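Biologist: I would like to learn how to read a model like this one. Could you walk me through it, feature by feature?

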Amino acid sequence: MKAYPALACWAKIFGVPSGLPRVTTSTNISQDAEHSSLAGLQTERRIAWLTLVFGTAASAAAAFAGRRAWAGGLLIGAVLAWLNFRWLRRGLDALVAASAAQAGAEKPRVPLGAYFGALFRYGLIALSVYAIFRILKVPLASMVVGMCALAAAAIAASVYELWHAER
């Protein structure tokens, strides 16, 4: 290593133990892809259940404070956010499958159903919120705040991933 001090410096920065570039084989790449796919699936599951946990906790706190309408809205918003997350995941899985099937195509096409699914998802959530607001008289703001449970869950899952990252 004395002949190449810059290489030793870069090795320390990037964590290569021997100071020499690491050789990546196709086996390492497939193992890394499998590991990241599994980690991604675990993170998606964590976000899904944390959304419901945060929404339920916020709803329980509002109910305990005597705000039953807000408690219902928070819970409804969290459930709608959870449904939106699940539908988004299903739509993205379909897009990934379509892109993998068209890997060699010169001009890949996005399935028309993917566009319809995205518009339908947002339209259905908006219609649900409107109907619940008009019929059940649940405060609109409480449902919007309940939908923020998804963002809180995503942040919590990200912090968990950072905290438990391989070193």
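This is a predicted model: local features need pLDDT of at least 70, side-chain atom pairs count only at pLDDT 80 or more; totals for chains, interfaces and linings use all residues.

**Reading the core, the helices and the pocket**

Biologist: Which residues make up the largest nonpolar core?

Modeller: The general idea is that in soluble globular proteins, nonpolar side chains tend to be buried together. Here the largest nonpolar core has eight residues: I47, A48, L50, A81, F85, L150, A153 and A157. Helix 2 (26–64), helix 3 and helix 6 (149–163) are the elements that give two or more residues to this core. There is also a second, separate core of six residues, with L80, I125, V129 and M143 among them.

Biologist: How many helices and strands does the chain have?

Modeller: There are six helices and zero strands, and the pattern along the sequence reads α-α-α-α-α-α. As for how the chain comes together, 67% of the contacts with a separation of 6 or more are between residues 24 or more positions apart.

Biologist: What span should helix 3 have, and what is the distance between its end C-alpha atoms?

Modeller: Helix 3 has 34 residues, so at 1.5 Å a residue it should span 50 Å. Its end C-alpha atoms are 50 Å apart, which agrees. Buried residues in helix 3 are A71, G73, L74, G77, A78, L80, A81, N84, F85 and A98. For the whole chain, buried residues make up 20% of the 167 residues.

Biologist: Now the open spaces. What volume does the largest pocket have, and which residues lie nearest its centre?

Modeller: Rolling a probe the size of a water molecule over the atoms shows where empty space is left. In this model, the largest pocket has a volume of about 290 Å³. The pocket is lined by 14 residues, and W87, G91, G117, A118 and R121 lie nearest its centre. Helix 3 (68–101) and helix 4 (112–135) are the elements that give two or more residues to the lining.

Biologist: How many nonpolar, polar and charged residues does that lining have?

Modeller: By class, the lining has nine nonpolar, three polar and two charged residues.

Definitions and conventions:
Residues are numbered from 1 along each chain as its sequence is written. Side-chain values use heavy atoms; hydrogens and water are left out. On a 1 Å grid over the protein atoms alone, a cavity is a set of points where a 1.4 Å probe fits but cannot get out, and a pocket is an open set with protein on both sides within 12 Å along at least five of seven lines; lining residues have an atom within 4 Å of a point. Grid points are joined across faces, edges and corners, and a volume is the space filled by probe spheres set on the points. Helices (H or I, at least four residues) and strands (E, at least two) are DSSP runs, numbered from the N terminus. Ala, Val, Leu, Ile, Met, Phe, Trp, Tyr, Cys and Pro count as nonpolar, Asp, Glu, Lys and Arg as charged, and the others, Gly among them, as polar. A nonpolar core is a set of buried Ala, Val, Leu, Ile, Met, Phe, Trp, Tyr and Cys residues joined through side-chain atoms within 4.5 Å. Buried means under 20% relative accessible area, exposed over 50%, partly exposed in between (1.4 Å probe, protein chains only). The expected span of a helix is 1.5 Å times one less than its number of residues. Contact means heavy atoms within 4.5 Å.
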